[in-house]
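Thanks for coming, everyone. Please look at the sequence and the structure on the screen, and I'll walk you through a few parts.

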Amino acid sequence: MFEQFSRGYYLGRLYVEPRQDGAAAMCRDQHERVNQQLYASGEGVERTDLPLVMKLGSRHFPVHGDDRVPADTLAVPDEVLESANVRNPPSLREVFLAKADHAAQLLSVTDTTSALPDSAV
């Protein structure tokens with residue numbers, strides 16, 4: 001789903017669609033699998049429900065798992081769609097996933113319920 005892109009990010013392609021309840025989400029099973037493969041250190045029992053940090057356009061935001069979101073889909077609030085210039089969703093888009101250390105830095109500057117400010121780039 002995601003492949004190596006740079007020192008700070010993985011790159012993937014997901015269908016991006018609007019979400020009305022405010023928090024970005026993706027399929028819970030895929031969220032847990034990506035979390036385990038790319039964020040877990042491999043030492044002991046680790047949580048796989050922690051938010052992933054993704055970037056669409058210039059916006060970073062935490063992404064949670066949700067059973068209501070279809071596979072290969074990223075559901076985001078309308079303001080993220082607008083700032084990323086996503087027209088006519090659902091739309092297949094390139095999405096960046098922050099690597100674990102970069103994600104931890106981004107999450108430390110905000111709470112995990114809202115989109116991260118553009119200045120957190």
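Let's start with helix α1. It has 12 residues and reaches 15 Å from its first C-alpha to its last, close to the 16 Å expected at 1.5 Å a residue. That expected span is 1.5 Å times one less than the number of residues. Helices here are DSSP runs of H or I with at least four residues, strands are runs of E with at least two, and both are numbered from the N terminus.

A word on the source. This is a predicted model: local features need pLDDT of at least 70, side-chain atom pairs count only at pLDDT 80 or more, and totals for chains, interfaces and linings use all residues. Residues are numbered from 1 along each chain as its sequence is written, and side-chain values use heavy atoms, with hydrogens and water left out.

Back to α1. Which of its residues are buried? Q30, H31, V34, N35 and Y39. Buried means under 20% relative accessible area, exposed means over 50%, and partly exposed is in between, with a 1.4 Å probe and protein chains only. Seen down the axis of α1, the buried residues fall within an arc of 135 degrees, so they line one face of the helix. The arc is taken from the directions from the helix axis to the C-beta atoms. The face turned away carries the exposed D29, Q36 and Q37. And what covers the buried residues of α1? The cover includes β1, β3, β4, β5, β7 and α3.

Next, strand β6, residues 73-76. Both of its faces are covered. T73 and A75 are buried on one side, L74 and V76 on the other. Strand β2 runs parallel to β6, joined by four bridges. Two strands count as paired if DSSP finds at least two bridges between them. E17 has A75 as its bridge partner in β6. Strand β3 pairs with β6 in the antiparallel sense, over two bridges. There, M26 stands opposite L74.

Now the core. The largest nonpolar core has 27 residues, and M54 and F61 have the most contacts inside it. Such a core is a set of buried Ala, Val, Leu, Ile, Met, Phe, Trp, Tyr and Cys residues joined through side-chain atoms within 4.5 Å. Elements giving two or more residues to this core include β2, α1 and β6.

Last, H60, in strand β5. Buried or exposed? At 0% relative accessibility, H60 counts as buried. Its side chain makes a polar contact with the side chain of Y9, at 2.6 Å. A polar contact is a pair of N or O atoms within 3.5 Å; within protein, one must be able to donate a hydrogen and the other to accept it, and residues adjacent in sequence count only if both atoms are side-chain atoms.

Definitions and conventions:
Contact means heavy atoms within 4.5 Å.
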